[in-house]
Amino acid sequence: MTRPIKAAIDLAALRHNHGVARRHAGAARIWSVVKADAYGHGLLRVARALDGLADGFALIELEGAIALRRAGFRQPILLLEGYYCADELPLFAQYLLTPTVHSMEQVMMLKAAALPGPLPVYLKLNSGMNRLGLNADELPAALAALAAAPQVAGMTLMTHFADADTERGIAAQLARFETMRRSLIGCWPVSPANSAALLAYPEHCGDWVRPGIMLYGASPFPEMKSAESMGLRPAMTLESELIAVREIARGERVGYGGMFTAMADMRMGVVACGYADGYPRAAPTGTPVLVCGQRTRTLGRVSMDKICVDLSGIPGARVGSRVLLWGGDPLTGLPADEVAGAAGTVSYELFCALSARVPVTER
Ligand SMILES: Cc1ncc(COP(=O)(O)O)c(C=O)c1O
């Protein structure tokens, strides 16, 4: 018998969510962010679903970018961290890839590279996130090195917001970015916005936006606005079945460490899904789950291959009954954001953690 866990990727939902991004982006073009195997949804699957819609694909992994080219995708492809060593630069030229340049080390590598043709470059500016990006005082030297370099075909200025999804907002970073941009001679296209900035500040989209999580149907700010309220549809559904059902007596404990104790006699079920499938181990008792379409809760600790669920009030549940871990219909399903919130994490992590042992289908 095949273990009943499976994930389904809804290609129409991906396309629909891209349409939502398009409506917010106005005239800006869209990099569909497909790093980390398209946030666990499958790089080539998502690229195929968005072919004809996406203006370009953005990711971190050079191997993924080359796989896209070998699969025939001709859109621009942006590498969000650029190259990690000079040896990679010929591949950027060979496969017509756009590198991000975020450090003086990268500037020097590019300047020294012998390339068959020039590359379009995304110059990443540090406007306050303080991870990657050139500081204001590094900009003149970077510009002097790159503006007339034969390796460079044109530049776009990019930054990344730390607080587009929080109350703090983007004003301070936007102001710094603007100051840096104005200090430069010439007028360069800009790319400041991820999903949160695109949804919350569409007036600051710039020339290219970079949505990721919203394409997959989750909210970049789940505590403030649900994905469904923004018209997004879940692209990933994770479901399984009950593989055991048992009655337990008041006072009985459940699972490793006995983290749940029954307060009364009750019925519970065991689901074929655990942290080795990508379900978050940190999800405590009470994490929402749907059994036979009815909302209930997990009980006790998540194990490697199993979780336990409360079947009180679901008398029809039996071995083989359907269990929805996340996803499904926006109205009757279970948002990944809710499961992630209960587990103290974000839907990004849930999606990316989907394990290779879970069979994936498309619909
Ligand atoms: C530079 C950059 N742009 C865009 C994105 C997409 O962000 P999101 O998935 O929140 O839309 C990311 C993701 O982390 C990123 O690192």
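The model is predicted. The chain has 363 residues, and 44% of them are buried. Its secondary structure comes to 11 helices and 18 strands. Two domains divide the chain: domain 1 (11-224) and domain 2 (236-362).

**Overall layout**

- Along the principal axes, the C-alpha atoms fill a box of roughly 75 × 40 × 35 Å.
- The centres of domain 1 and domain 2, taken over C-alpha atoms, are 37 Å apart.
- Contact between the domains involves 12 residues of domain 1 and 12 residues of domain 2.
- On the domain 1 side of that contact, seven residues are nonpolar, four are polar and one is charged.
- Take the contacts between residues at least 6 apart in sequence: 64% of them join residues at least 24 apart.

**The parallel sheet**

- Eight strands form an open sheet with parallel pairing, in the order E8-E7-E6-E5-E4-E3-E2-E9.
- Strand E8 (190-191) and strand E9 (208-209) are the edge strands, and each pairs on one side only.
- Strand E2 (residues 29-33) and strand E3 (residues 56-59) run parallel and are joined by three bridges.
- Within that pair, Ser-32 stands opposite Phe-57 of E3.
- Strand E5 (residues 97-101) runs parallel to E6, with two bridges between them.
- Val-101 has Leu-123 in E6 as its bridge partner.
- E6 is mostly covered, with five of its six residues buried.

**Strand E10 and its antiparallel partners**

- Strand E10 (residues 236-248) runs antiparallel to strand E1 (residues 6-9), and four bridges join them.
- The bridge partner of Ile-9 in E10 is Met-236.
- E10 is also joined to E17 by four bridges, again antiparallel.
- Here Ser-240 stands opposite Val-323 in E17.
- With strand E13 (residues 266-272), E10 pairs in the antiparallel sense over six bridges.
- Ala-244 stands opposite Val-270 in E13.

**The nonpolar core**

- In soluble globular proteins, nonpolar side chains tend to be buried together.
- The largest nonpolar core in this chain has 106 residues.
- Val-34, Phe-57, Leu-123, Val-209, Val-291, Val-309 and Leu-325 touch the most other members of this core.
- Each of domain 1 (11-224) and domain 2 (236-362) supplies at least three residues to the core.
- Phe-57 has contacts beyond its neighbours within four places in sequence, among them Trp-31, Val-34, Leu-68, Phe-73 and Ile-77.
- Ser-32, which stands opposite Phe-57 in the strand pairing, is also one of the contacts of Phe-57.

**Around the ligand**

- The residues around the ligand include Val-33, Leu-80, His-160 and Pro-220.
- Asn-194, Ser-195 and Ala-196 are also among them.

**Loop residues to look at**

- Asn-130 lies in the loop between strand E6 (119-124) and helix H7 (139-146).
- Asn-130 is not a glycine, yet it has a positive phi of about 60°.
- Asn-130 counts as exposed because it has 9 C-beta neighbours inside 10 Å, and the limit for exposed is 12 or fewer.
- Cys-292 sits in the loop between strand E14 (288-291) and strand E15 (294-299).
- The phi of Cys-292 is near 50°, a positive value in a residue other than glycine.
- Cys-292 has 16 C-beta neighbours inside 10 Å, so it counts as partly exposed.
- Ser-321 is placed in the loop between strand E16 (306-310) and strand E17 (322-326).
- Ser-321 also counts as partly exposed, because it has 19 C-beta neighbours inside 10 Å, while a buried residue needs 20 or more.
- Ser-321 and Cys-292 are 29 residues apart along the chain, but their C-alpha atoms are separated by 6.1 Å.
- Leaving aside neighbours within four places in sequence, Ser-321 is in contact with Glu-241, Leu-242, Val-291 and Cys-292.
- One of these contacts, Val-291, is also among the residues that touch the most other members of the largest nonpolar core.

Notes:
Residues are numbered from 1 along each chain as its sequence is written. This is a predicted model: local features need pLDDT of at least 70, side-chain atom pairs count only at pLDDT 80 or more; totals for chains, interfaces and linings use all residues. A residue is near a molecule or strand if its C-beta atom, placed from the backbone, lies within 6 Å of it. Two strands pair if DSSP finds at least two bridges between them. Domain bounds come from an automatic or database domain assignment. Two residues are in contact if their C-beta atoms, placed from the backbone, lie within 7 Å. Ala, Val, Leu, Ile, Met, Phe, Trp, Tyr, Cys and Pro count as nonpolar, Asp, Glu, Lys and Arg as charged, and the others, Gly among them, as polar. A nonpolar core is a set of buried Ala, Val, Leu, Ile, Met, Phe, Trp, Tyr and Cys residues joined through C-beta atoms within 7 Å.
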